[in-house]
Amino acid sequence: MTAAGETVKTVRPVIHPGINTDHLSRNLLRSIFGMRLRTWQDGPPIRVFVLPDDAPTHGIFTKQQLNVFPYQLRAAWDRLTFTGTGQAPIIVQSEDEMYALITSTPGAIGYLSEARIDKHVRVIHVD
């Protein structure tokens, strides 16, 4: 359920409209959200935005699109951070904040429930 009490059924990965891609493989999407891939194919840095680990939309996204549990992503991010080999994604507090950052940050990727998606973000289709 969202903060407004709505049931979230489908959550899609979305990117800044300036990024020139519509499809990603599930493995590439996992690499991006696992913070192992740091630049887009045409060069700009990837800026990953996520909701808190306990947010229902985050759980739905990780299970539906990445086929992992939120705790598995957290473990990967903690390992990168504690070993000094990477950093965790930027945590936002709501889908509204995620939407605002994705539409205003070049190279941004995150996820939104279908009801929140409009023409100002580009939906990524996962193969």
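Let's start with a helix pair: α1 and α2 pack at an angle of about 145°, with their axes 10 Å apart. Here axes are lines fitted to C-alpha atoms, for helices over the stretch in contact, and angles run from 0 to 180 degrees between N-to-C directions. This is a predicted model, so local features need pLDDT of at least 70 and side-chain atom pairs pLDDT 80 or more, while totals for chains, interfaces and linings use all residues. Residues are numbered from 1 along each chain as its sequence is written, and side-chain values use heavy atoms, with hydrogens and water left out.

**Where α1 meets α2**

- On the α1 side, the contact (heavy atoms within 4.5 Å) comes from Arg26, Leu29, Arg30 and Phe33.
- On the α2 side, Phe61, Gln64, Gln65 and Leu66 do the touching.
- Sorted by kind, the residues of this contact are four nonpolar, two polar and two charged. Nonpolar covers Ala, Val, Leu, Ile, Met, Phe, Trp, Tyr, Cys and Pro, charged covers Asp, Glu, Lys and Arg, and the others, Gly among them, count as polar.

**A closer look at α2**

- Eight of the eleven residues in α2 are buried, so this helix is mostly covered (buried means under 20% relative accessible area, with a 1.4 Å probe and protein chains only).
- Among those buried residues are His58, Ile60, Phe61 and Leu66.
- Just after α2, Asn67 takes a positive phi of about 60°.

**The nonpolar core**

- The largest nonpolar core has 33 residues, and Ile32, Phe33, Trp40, Val48, Met98, Ile109 and Tyr111 touch the most other members. Such a core is a set of buried Ala, Val, Leu, Ile, Met, Phe, Trp, Tyr and Cys residues joined through side-chain atoms within 4.5 Å.
- Elements giving two or more residues to this core include α1 (26-33), α2 (56-66) and β5 (108-113).
- β5 gives the most, with four residues.
- Leaving out residues up to four places away in sequence, Ile32 touches Leu24, Leu37, Trp40, Ile46, Val48 and Ile109.

**The whole protein**

- There are four helices and seven strands, which are DSSP runs (H or I, at least four residues, for helices; E, at least two, for strands) numbered from the N terminus.
- From the N terminus on, the elements go β-β-α-β-α-α-β-α-β-β-β.
- Buried residues make up 42% of the 127 residues.
- The C-alpha atoms fill a box of roughly 40 × 30 × 25 Å along the principal axes.

Terms used:
Buried means under 20% relative accessible area, exposed over 50%, partly exposed in between (1.4 Å probe, protein chains only).
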